[in-house]
Amino acid sequence: MTGAPAAMDARDVSDPTVVATDLSKWFGQKVAVSEVSCSFGPGVTGLLGPNGAGKTTLLRVLAGLLSPSAGKATILGRTPKRQHGVYRHVGFVPEDEAVYNHMSARRFVEWSAALSRVDDAGAAAQQVLETVQLTEAADRSLSGFSKGMRQRAKVAAALVHDPTVLILDEPLNGTDPVQRARLIEILVQLGREGKTIIVSSHVLAEVERMATRVVAIVNGRLAAAGSVAALRDAMSDTPRLIRIDTDRPRELARRLLVGNWVEAVRIDPAGVEIRTSDAGALGLDIAVAARETDSVVTAVSAEDDSLESVFRYLVDQR
Amino acid sequence: MRAFFLITRSVMGRLLGLRRSIGLLVLTGSIAPILLVLAPGRSDDQMTTLYNDITVGLGVSILFPVAALIVSTAALGEERKSHTLPFLLLKPVSRWVIALAVVTAAALASFVIMQAGVLASWIAAAAVTGDWSIGVSTTVAAAVQSVASAALFVPLGLVLGRAALVGLGYLMIWELILGDVIEGIQASSIYRIVLSAWADVATMTPDNLDTVNEVLGRVEPGLGGAVAKTAVLAIISVAVTGWLLRRRDLVSE
């Protein structure tokens, strides 16, 4: 795993179902994905990266829509580009908004089910349309659907044959907050049931809500892989932002500045934010400083422990 | 077999969308009003000659191939352009079955569009001549044209972004201009294959016979030969389309 924080292993997945080995994909002179090796197993894995990082290309190569220029991609031990039988166990939601406009949502989902060799396509379609809450609009033409409804129809079509592996490229695009929450709930549930869910998204907070594991791609290369917490812990050399809620922020800040691990301080009426190079040492000093300054500390939180800060760090490192 | 029918039906449904169908029906249906305008005062024989002249000179040579070209290049080309191809490709279905189903759907959709125009001109001509078998030859031509065009233009639509334009150039330059002057390419010309099938079935007047023989050149009229050539073309097309679906990257980065 070139350049990724050392504590993380992109192939450290028990029971991997989707495996990329030294995977590269280039289009003419442009390298979209470069020597990516990583594995995906049961549970939800978020695929992160800035626009143009190569996420969509990687997902398309993994799904068998594109041939790798070098390396190998397998799903359940088979090469999807050549062994099409594996699609019986794979669901894919493409990023593009396009759907079959000449079909109704129900027909589209039934058609997908029947082609995936589901015995009772009608019943399976009805069930999955209920899951994505599209039953009321199911018999309307997809051409009249909003973007969010199209996304849900695509998700329904990808789920209808109960796949073991589900690959979703920006599935939450265009959905309203309620639909988004519902889709996240569905994906989390499927992950808990042991399905392999690979989901790319640029809405980092949502990935954080659904993914137990993250794979980050920057400039076509694998930047990091692991849990959000593990990624954050691996970045021990980067300053962290700690917020302390207190009744005496000015006094507490003055006292904490004595420690040489404090790099910057910002005070507001409700507390103090400290950028530190050593969060552990700061944590130990907070209690002492509060006692010495007679301050009441009501909360201590790491402001930048989010996926976004992890991701920004990875991009900056590249 | 189930996958074949499912794909054929869905591709046909898309190809016969309302807007495209109306546009192409106007195109293929334009022969009937021309016949009706020119019919008054003509004898039965003159009407038969007129029907054959217009059917061959306008229908078989230009209108039918253009209609079939538009339908056939859209069969997979449209899926590619509108980014719906993953829905078809990421299914546990053999690429050969997909190819066969799409070529079949393109041929059937082309035939439906052409035959609507054929029926209109058939009725118009038969109403004047009283010969209700007059349109059989044009139906045969439409059927051969549908399969041959689907065979040629479905794979073209898959690999080229402007397949309809390239196909139009092929029809005009290769089939109509070069085919007329270079005898060597007449045997493999779709226009002449279709015309040879038509000529084998049609009731022609001596005037029609001269015109048709001039266009056919070295190609002998014969339905069997035309069907055999078209079948070979269709088999090659399914093989090529299947290979393209299996080997080529058909979605963008």
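The largest cavity holds about 120 Å³ of space. This is a predicted model, where local features need pLDDT of at least 70, side-chain atom pairs count only at pLDDT 80 or more, and totals for chains, interfaces and linings use all residues. Residues are numbered from 1 along each chain as its sequence is written, chains are lettered from A and ligands numbered from 1 in the order written, and side-chain values use heavy atoms, without hydrogens and water.

Terms next. On a 1 Å grid over the protein atoms alone, a cavity is a set of points where a 1.4 Å probe fits but cannot get out. A pocket is an open set with protein on both sides within 12 Å along at least five of seven lines. Lining residues have an atom within 4 Å of a point. Points join across faces, edges and corners, and volume is the space filled by probe spheres set on them.

Back to the largest cavity. Its lining has 14 residues, and A:Phe92, A:Ala157, A:Ala158, B:Leu90 and B:Lys91 lie nearest the centre. Eight are nonpolar, four polar and two charged. Nonpolar means Ala, Val, Leu, Ile, Met, Phe, Trp, Tyr, Cys and Pro; charged means Asp, Glu, Lys and Arg; the others, Gly among them, are polar. Strand 5 (90-93), helix 2 (105-115) and helix 4 (147-159) of chain A, with helix 5 (85-89) of chain B, each supply at least two lining residues. Helices (H or I, at least four residues) and strands (E, at least two) are DSSP runs, numbered from the N terminus.

Now the pockets. The largest has about 390 Å³ of space. A:Asn101, A:His102, B:Arg14, B:Arg20 and B:Glu78 lie nearest its centre, among 14 lining residues. Four are nonpolar, five polar and five charged. Helix 2 (residues 18-28) of chain B gives the largest share, three residues.

The second largest pocket has about 280 Å³. Its lining counts 15 residues, including A:Gln127 and A:Leu190. Helix 5 of chain A gives the most, five residues.

Last, helix 7 of chain B. Residues 136-159 make 24 residues, spanning 35 Å from first C-alpha to last, close to the 34 Å expected at 1.5 Å a residue. The expected span is 1.5 Å times one less than the number of residues. Where does helix 7 of chain B bend? At B:Ala150, by about 30°. That angle is between axes fitted to the seven residues ending there and the seven starting there. Of the 24 residues, 18 are buried, so helix 7 of chain B is largely enclosed by the rest of the structure. Buried means under 20% relative accessible area (1.4 Å probe, protein chains only), exposed over 50%, partly exposed in between.
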